[in-house]
There are 2 protein chains.
Amino acid sequence: MRLTLVAGTTHTAAIDGLSAAGASPDLRWHTPSADAELVRYGRLVRSPVLPLSPTGCPTPALVTRAVVELLDLDVVVCDGGLAKPTGAPTVDFGAKPGHDIRTPDPVRTAPGVFAAARDVGARLREDHLVVGETVPGGTTTALAVLRALGEPYPVSSSLPDNPLTRKEEVVEAAFDSSEISPGQAAHRPELAVRFVGDPVLAVVAGLCVGALESETRVTLAGGTQLIAAAALVRHAGCLDRMELATTSYLAESVDLGPAAEGLDLDLTVTDPGFTDDRLSQYATVGKEGAAMGGALALADRAGDLGAVEPRTLSILDALSAAQDSDVPHRENERDDETGYDAGEDGRGP
Amino acid sequence: MRLTLVAGTTHTAAIDGLSAAGASPDLRWHTPSADAELVRYGRLVRSPVLPLSPTGCPTPALVTRAVVELLDLDVVVCDGGLAKPTGAPTVDFGAKPGHDIRTPDPVRTAPGVFAAARDVGARLREDHLVVGETVPGGTTTALAVLRALGEPYPVSSSLPDNPLTRKEEVVEAAFDSSEISPGQAAHRPELAVRFVGDPVLAVVAGLCVGALESETRVTLAGGTQLIAAAALVRHAGCLDRMELATTSYLAESVDLGPAAEGLDLDLTVTDPGFTDDRLSQYATVGKEGAAMGGALALADRAGDLGAVEPRTLSILDALSAAQDSDVPHRENERDDETGYDAGEDGRGP
């Protein structure tokens with residue numbers, strides 16, 4: 001059985017107060033690259049530190065990794081616009097880091113990325129695509145995409161208090177700067193992603209459309225960002241039922257019912273039953289991410305849900321020990337010498 | 001257990017008469033991308049056709065895949081300068097397709113790629129690195145690298161008759177155009193790769209140096225290209241013993257003894273015992289590649305060598321059936337829209 005994780009970035013995450021996916025704004029650029037390494041290998045390879053929220057809550061990628069180990073899942077990571085090197089192998093669809101959605105054309109590669117991901121989604125011929133995301137700032141771009149499509153559903157937050165007013169201001173500025181208005185990208189999903197979205201959504205939606213076209217069962221492993229992906233799939237004309245599998249923490253923070261009904265999604269909500277202080281923080285911080293909810297659903301179906309907490313804690317302990325004893329980390333920034341670039345137009349990160 | 005495959009290209013392969021790794025010069029650009037998909041998934045995803053030699057011999061990647069399935073190996077593909085899209089996830093070290101070694105600076109990214117791969121090789125902290133390659137034209141660049149280092153060892157060929165005179169002419173032209181002369185890159189492995197090598201060698205050598213530095217056992221899974229990689233490792237000052245695991249077909253076509261002795265390599269030669277006409281062709285065409293020899297050594301140690309031929313044939317049959325019934329293939333060339341590029345300086349492929 002396979003788990004697919006789409007990892008990428010958007011400069012929208014650099015806006016103050018939108019994301020808890022990283023201990024600081026600078027470290028946030030590393031979060032998707034580090035999550036990819038954690039889910040794929042159970043350890044950090046090129047990433048400098050374990051992603052933490054500003055209050056010290058560790059990334060939900062650890063929970064996903066625990067399930068990967070328990071169920072021996074095959075992990076495929078897709079590059080949805082990574083900004084920092086990762087030691088994880090990634091499928092390349094040509095995605096670049098997304099620009100701030102308050103700029104006119106933040107995801108110029110979206111149409112090509114969507115088409116390439118759709119092709120791979122169809123050609124993998126899996127029995128079951130289980131796909132999650134890791135992209136700091138992703139709920140803000142998800143909100144903008146939902147509005148561009150004319151969909152009314154709410155989004156959640158990795159922060160304890162959802163900064164909804166701030167998100168709505170950013171989304172308004174995104175529409176002010178772009179060629180489309182709310183509702184105007186209905187049935188044109190690639191325009192919604194290109195003008196107000198992020199590259200991760202282009203990859204996720206493309207993979208799902210391709211998978212459904214080849215009669216593959218689809219589970220969207222995550223929360224409201226995956227609802228935005230589902231809306232893109234519907235607006236691409238693909239109407240087969242899909243499953244949305246998320247955590248109880250996420251489901252308690254936002255009403256998923258209307259989106260599930262409106263977008264024809266079977267909703268699976270899994271409570272990991274965490275009792276340890278380090279993991280029960282997910283109830284307020286993080287809540288979901290890096291395919292955590294989908295992984296928990298798979299563990300539950302396999303009768304292994306009770307084993308997830310001890311396994312997650314043992315991974316966390318091993319990582320803490322490794323980080324303490326590690327040799328100094330050579331910095332591997334994307335630069336001229338290695339052929340990495342600093343983002344389109346040199347606008348960073 | 002993990003198997004690492006480094007897949008890449010060099011424009012040196014476009015020189016007539018050097019390589020059998022593809023049915024035609026145009027299709028040869030797809031061979032490493034297709035091999036990566038075959039070893040990782042057992043099927044083609046974005047690659048248009050099964051790689052064949054001009055006489056119809058299928059890629060040795062099928063044999064490697066059979067062993068991956070039999071032993072449930074974890075496959076990691078590294079991008080050593082791929083020219084065409086692959087559906088396989090790849091680790092990115094910033095490698096680009098290598099230029100023809102008769103140009104002045106064919107692998108400009110070599111120093112950065114070597115450093116990045118060395119870092120990952122050290123940080124993966126595996127028990128055992130088993131690493132192979134797929135790069136058409138790679139024995140010619142391997143010959144040039146050996147000469148740049150001042151090493152006298154011979155190279156083999158994927159063609160039935162090794163075009164040694166042709167290769168030596170190309171190598172001579174490579175030195176004529178470059179800043180180094182034979183022997184002048186001794187103890188400067190990154191210069192040998194940069195001025196007369198290919199990007200795959202930079203990745204393989206970097207991974208091995210990093211692995212040995214972190215006390216990981218290393219098996220070089222292949223023939224004389226891996227001997228060139230071993231020479232690079234030695235010239236980087238890394239003297240721990242390594243294993244070279246290759247096929248009997250390769251070992252019968254070239255004397256590996258002096259290189260094994262001179263470079264301190266434990267030589268493992270495995271005869272797959274193929275009897276079916278489709279696979280016994282490897283005795284004269286292909287001979288080795290895509291980690292075939294290393295995979296066979298692992299199968300032999302696990303007591304599964306006898307199962308490799310039937311499993312390889314069943315994969316080949318399934319691929320032939322899929323190719324016959326497949327939907328038309330959308331071409332996914334690297335272009336502006338998807339962010340793929342046509343190679344540095346627009347020189348293709």
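Tutor: A residue is called buried when its relative accessible area is under 20%. Keep in mind that this is a predicted model.

Student: Okay, take α4(A). How many of its 14 residues are buried?

Tutor: Twelve of them are buried, so α4(A) is largely enclosed by the rest of the structure.

Student: Which residues of α4(A) are the buried ones?

Tutor: They are Ala110(A), Pro111(A), Gly112(A), Val113(A), Phe114(A), Ala116(A), Ala117(A), Asp119(A), Val120(A), Gly121(A), Ala122(A) and Arg123(A).

Student: And what covers the buried residues of α4(A)?

Tutor: The cover includes two helices of chain A, α7 (189–196) and α8 (199–213).

Student: How far does α4 of chain A reach from its first C-alpha to its last?

Tutor: Helix α4 of chain A, residues 110–123, reaches 20 Å, close to the 20 Å expected at 1.5 Å a residue.

Student: What follows α4(A)?

Tutor: Arg125(A) follows, and its phi is positive, near 50°.

Student: Switching to chain B. At roughly what angle do the axes of α8 and α9 cross?

Tutor: The axes of α8 (residues 199–213) and α9 (residues 224–235) of chain B cross at roughly 50° and come within 9 Å. The two helices, α8(B) and α9(B), are therefore oblique to each other.

Student: Is the crossing of α8(B) past α9(B) left-handed or right-handed?

Tutor: α8(B) passes α9(B) in a right-handed crossing. Among the residues making the contact are Leu201(B) and Val204(B) of α8(B), and Leu226(B) and Arg234(B) of α9(B).

Student: What kinds of residues are in the contact of α8(B) with α9(B)?

Tutor: Eleven are nonpolar, one is polar and one is charged.

Notes. Residues are numbered from 1 along each chain as its sequence is written. Chains are lettered from A and ligands numbered from 1 in the order in which they are written. This is a predicted model: local features need pLDDT of at least 70, side-chain atom pairs count only at pLDDT 80 or more; totals for chains, interfaces and linings use all residues. Side-chain values use heavy atoms; hydrogens and water are left out. Helices (H or I, at least four residues) and strands (E, at least two) are DSSP runs, numbered from the N terminus. The expected span of a helix is 1.5 Å times one less than its number of residues. Buried means under 20% relative accessible area, exposed over 50%, partly exposed in between (1.4 Å probe, protein chains only). Contact means heavy atoms within 4.5 Å. Axes are lines fitted to C-alpha atoms, for helices over the stretch in contact, and angles run from 0 to 180 degrees between N-to-C directions. Angles under 35 degrees count as roughly parallel, over 145 as roughly antiparallel, 65 to 115 as roughly perpendicular and the rest as oblique. A crossing is left-handed if the near helix is turned anticlockwise from the far one by less than a right angle, and right-handed if clockwise. Ala, Val, Leu, Ile, Met, Phe, Trp, Tyr, Cys and Pro count as nonpolar, Asp, Glu, Lys and Arg as charged, and the others, Gly among them, as polar.
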